[in-house]
Every structure is written in structure tokens, then in C-alpha cells.
Amino acid sequence: MVVKLGSIQNTAYKVLLEIQSVGICGSDIHYWKNGRIGDFIVKEPMIVGHESSGKVVKIGKSVQHLKEGDRVAIEPGVPCGKCEFCKKGSYNICPDIKFCATPPYDGSLCRYYCHDADYCFKLPDNVSYDEGAMIEPLSVALYGCKRSGVTAGKSVLICGTGPIGLLNILVCKAMGVSKICVTDISENRLSFAQALGVKSIVCVKNMEIEAVMKEVIARFGGQPDITLECSGAEPSVKLGLKVTKPGGVLMLIGLKALEIKIPIIEATIREVDIRGIFRYVNCYPTALELVSSGAVNLKPLITHHFTLEESIKAFETSHTGAGGALKVMIHCGK
């Protein structure tokens, strides 16, 4: 893990980056432990890491918006720009997108990385490299909230308080949502949600779905308008589908099992829209503004720091949650 240049085609539009901070994502853990996520299968050695920030050390001759020394957040997916999805603005579902640390493409957990300049965004002076790396998962939460119609005045149930669930809390609050209830099986994670300002939490460990539904409805004084499911666990998805208000939205954000059983009639007869997201689209500028303005504070979520040489220890910490680990950062600069 000394130098990784990524794709070196069309270098005129690329920048060479000295990677500074890389956050460990659940997908990195999956590839490390299982060698696959669904149909994305690791068939040969692959560098992981896609939540990254870095410093520009060299620019291609056609790059105009960046210069050497600029600090940037790196949006890890580079679409083709030519297909029907790219042309209509949905580049996140481009079938030919090249996404860091998704087979067969290497990620950015390395000293140097070459990336498309159009997908590198300048960090405001008051945003750190660690926060810059967190713009990637923040964009996931931002896109989920946008796609589900989260706005002030809505009541929102958030299932799961891993990093993505916690980021959804922050985004909901930044969007003016005051009615938030959070569920999880971990008391410690729920306590963290409380520290972020959530007043209504429900520990669902060993609870039946019907009992959880009653508790959630009691907390809201009715059914939630929107459920943001961030765990991917089958019982949690079922809960979201059954408890969401008729005509509401169940947003599937968390990924876990390839297949689950759901009471589809519940959705049909109550017209609950089941939506999913795949990464994000056009979210980095807004995410950076949320952090720079102080509307979203990412610092409490960054719990552990390691050097590049300590990567195995960092991954073990993230995987086990040792020491209350939430977002584990690896610092690649010498």
C-alpha cells in the first residue's frame, strides 16, 4: 500500500492526491471478511477504502478548478457520463460507474491516489481532513433524506444507530425535523443517539414487532410519516413497513441480507412507498455546506484514529466495535 494511481486514462482531467484521511465503512469490512457484497465479488487482491480526503499534489493539464495544495473531499464514484442515467442526472446508477473499492476497482487506502478532478471537492478552511472523509457517508444520509421527502414538520422513525443511522439523525435535525424516534438493539448506540439530541429512543432487543409498534406510536402520538431503515435487518424492515403511516415512505438505506421476507400486503393496502437508495447523487456540495456552516457536526462520530501502518488494527476495531468505535479513521500521510 505505497502508491495507487487508479485509472490513468485521460490524465489531463485527473489529479494526483496525497491521501490524508480514510474512514472505514461497513462495505470495507464485508469485503475484508467475506470477499463479496452481493454480486460484487473480490476475485483478486483489492485495495479498500472509499471515504477519503486528500491534498492535491499534481493536476492534469485540463484541470481548471483545482490547484496544487488544495485540500479536497473525494467523491469515490466516477460515472461514464454518456449513458441515459448520467444524461438525466442519475449518475449514481450508471451501469459503468467506476467506484473506489468496489471490484474490480481499487480503493484509496494508500499514500497516493489518482482521481477524476470533477469528483474532487475543495474543503472549506474550517473543515478538517477527517470531516472531509466523512462527507461520503454524510452524502448517503443526505440522499436518503432527500429521496424520502424529509422536511420540517414531518415525523421520522430511524431504525439503526450505526454511523449511517446517526448521520441521518444529524441530517434530519439540520432539515428542521423535530419529531424523531430512534430504534436499535444496542443501549450504548442509543445513548449516543441521545447525545446527538434525540429525545425518543426505543431499545427493541427481545421485543416483538407489535410491541415495538405500540411503543413507537406512543412516542410520536401517531404513526411516523417516514421511516429511514438504516440497519438492513429483516425485523427492522418489517417494523418500518408496518408502522409507517398510510401514504408514508419506508426508505431502505441499510444493506445486509440479500433477501428478506416482508408483509407486502401491508404496503399495498396502505400505500406505503418502499424506496431504496444507491449511494448518492449530487450531494457533496450540500454536505460540505452543512458541515462548514455548523448545521451538522461530524466530530462526535469520529471515535478512533490509526496510521496507515496500523490498518489491520483499525479494521479489527471497526469490526468489533471495541472501545465504543463508531467511525474509525486511518491517516495515510507520513
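Leaving aside its neighbours within four places in sequence, which residues is Ala101 in contact with? Before I answer, please keep in mind that this is a predicted model, in which local features need pLDDT of at least 70 and side-chain atom pairs count only at pLDDT 80 or more, while totals for chains, interfaces and linings use all residues. Residues are numbered from 1 along each chain as its sequence is written, and side-chain values use heavy atoms, with hydrogens and water left out.

Now to Ala101, which sits in the loop between strand S7 (98-99) and strand S8 (112-116), strands being DSSP runs of E with at least two residues, and helices runs of H or I with at least four, numbered from the N terminus. Contact means heavy atoms within 4.5 Å, and the partners of Ala101 are Asp28, Tyr31, Met46, Ile47, Val48, Gly49, His50, Asp106 and Gly107. Ala101 counts as buried because its relative accessibility is 2%, where buried means under 20% relative accessible area, exposed over 50% and partly exposed in between, with a 1.4 Å probe and protein chains only.

Let me turn to the cores, a nonpolar core being a set of buried Ala, Val, Leu, Ile, Met, Phe, Trp, Tyr and Cys residues joined through side-chain atoms within 4.5 Å. The largest has 60 residues, and Leu138, Ile158, Cys172 and Leu228 have the most contacts inside it. Helix H3 gives the most to this core, with 10 residues.

Finally, a word on confidence: pLDDT, the predictor's confidence in each residue from 0 to 100, averages 95 over the protein chain, yet stays under 50 over residues 1-8.
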